[in-house]
Structures are given as structure tokens and as C-alpha cells.
Amino acid sequence: MATSQPVSSTAQQTSTSTSSVRPENATGVLLTTNMGDVTIALYKDKVPRTATNFATLAATHKYDNVIFHRIIPNFMIQGGDPTGTGTGGRSIYGAKFEDEFDRSLVHDRKGVLSMANSGPNTNGSQFFITLAPTPHLNGKHTVFGQVVDGMDVVDRIGSVRTGAQDRPLQPIMIVKAEVF
């Protein structure tokens, strides 16, 4: 089965004004972290509710100054919890919303953007980016985007020293998030 390609590209990101894009029309998000920029293309045509949730949270500054609270080398980096604990965060639809799966969107490479959850239909604001293929997550976590630029930054984040509960020893932060 062929894997779907993201709707966006880095070239589109640089030519589109982030201030005038409505979240439901966003094709991507630029995460500016304290380690560099990460550009993400969204699969808004295949998983519209999940992509819109992420884009709206980004556009309304809910991810600004939020840490990556969990980092597991060769697996994933996780963020999006405004409390920084790994237990918080609400979606734009309320506390939680249902999974949204498309069979063509799978965890088959590094750089896949997916929803973190605590079980079926428990999506909120938390997300993760894979550092390797993670096929055991297929059908359990909604894939809704792909890193299209800045994978070197994601790799650097994924290699920071961590302590208890896979928490980075030094804060790794999303300084700001912008839609395009």
C-alpha cells in the first residue's frame, strides 16, 4: 500500500502568510523550538478533524512555550501538554475527541506526526513525532502529518539526555507555533 504524501511543502510555507491563514485551511505548521525550526505538513484531506485540532491549537498559541515532556531515543518525542506533565491538554472539541484513521497513513518512517492518547478516542492536545518506524502504533494513534523540513532538529531533540519518566534534563520548548 502506498503511503500518502503530505499536502504541503516547505516552498509553500515560505510563500504563504501565516497571519491570514485560518486553521481549518492550514496545510502545515511551523514549530519554532529552542533547538531550531520544524516544518510539518498536515494530512488535512484525509484526517480533517485531527489536522484542524492541531492547526487551531497552534494558531491560538496553545503550543507556545510548551515543552516536549517525553523523549525516548529511537522512538519518539512528545509534546503539546500545556501543563508539561503528560496528563493535560484539551482539544478544540472539548476534553477529548475520537480517533480518525486512514489506512494509507501509517507509522512507517521517522518524522510521522501522530496524536498521543491514553486509549481509544482520547485525543486532546498532545502529539508525538516518530524518530523511527513504529508500525505497532498503527490503528492506535491517529497519523495526521509529516515533518517536511527540520528533521535534523527533531533528531537532535530525540538525542537529548533524559531522566525519570523520559523527561529531558534541560527544557526543550516550542517557543511558538504558526500555521500556513
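Trainee: What do the buried residues of α2 pack against?

Mentor: In this predicted model, they pack against β1 (28–33), β2 (36–42), β5 (112–115), β6 (127–130), β7 (143–149) and β8 (173–179). Contact here means heavy atoms within 4.5 Å.

Trainee: Which residues of α2 are called buried, and why?

Mentor: They are T50, A51, T52, N53, F54, A55, T56, L57 and A58. Buried means under 20% relative accessible area, so each of these falls below that cut-off. With 9 of its 12 residues buried, α2 is mostly covered.

Trainee: How do you know that the span of α2 is close to the one expected?

Mentor: Helix α2 covers residues 48–59 and reaches 16 Å from its first C-alpha to its last.

Trainee: What comes just after α2?

Mentor: H61, which takes a positive phi of about 65°.

Trainee: What makes the space in this structure a cavity rather than a pocket?

Mentor: A 1.4 Å probe fits but cannot get out, so the space counts as a cavity.

Trainee: Which residues line the largest cavity?

Mentor: There are 10, with Y43, V106, V112, V143 and Q146 nearest its centre. β7 gives the most to the lining, with 3 residues.

Trainee: How do the lining residues divide into nonpolar, polar and charged?

Mentor: As 5 nonpolar, 3 polar and 2 charged. Val and Tyr count as nonpolar, so Y43, V106, V112 and V143 belong to that group.

Key:
Residues numbered from 1 in each chain as written. Predicted model: local features only at pLDDT ≥ 70, side-chain atom pairs only at ≥ 80, totals over all residues. Heavy atoms only, no water. Helix = DSSP H or I, 4+ residues; strand = E, 2+ residues; numbered from the N terminus. Expected span 1.5 Å × (residues − 1). Buried < 20%, exposed > 50% of the residue type's maximum accessible area, 1.4 Å probe, protein only. 1 Å grid on protein atoms, 1.4 Å probe; cavity = no way out; pocket = protein on both sides within 12 Å on 5 of 7 lines; lining within 4 Å.
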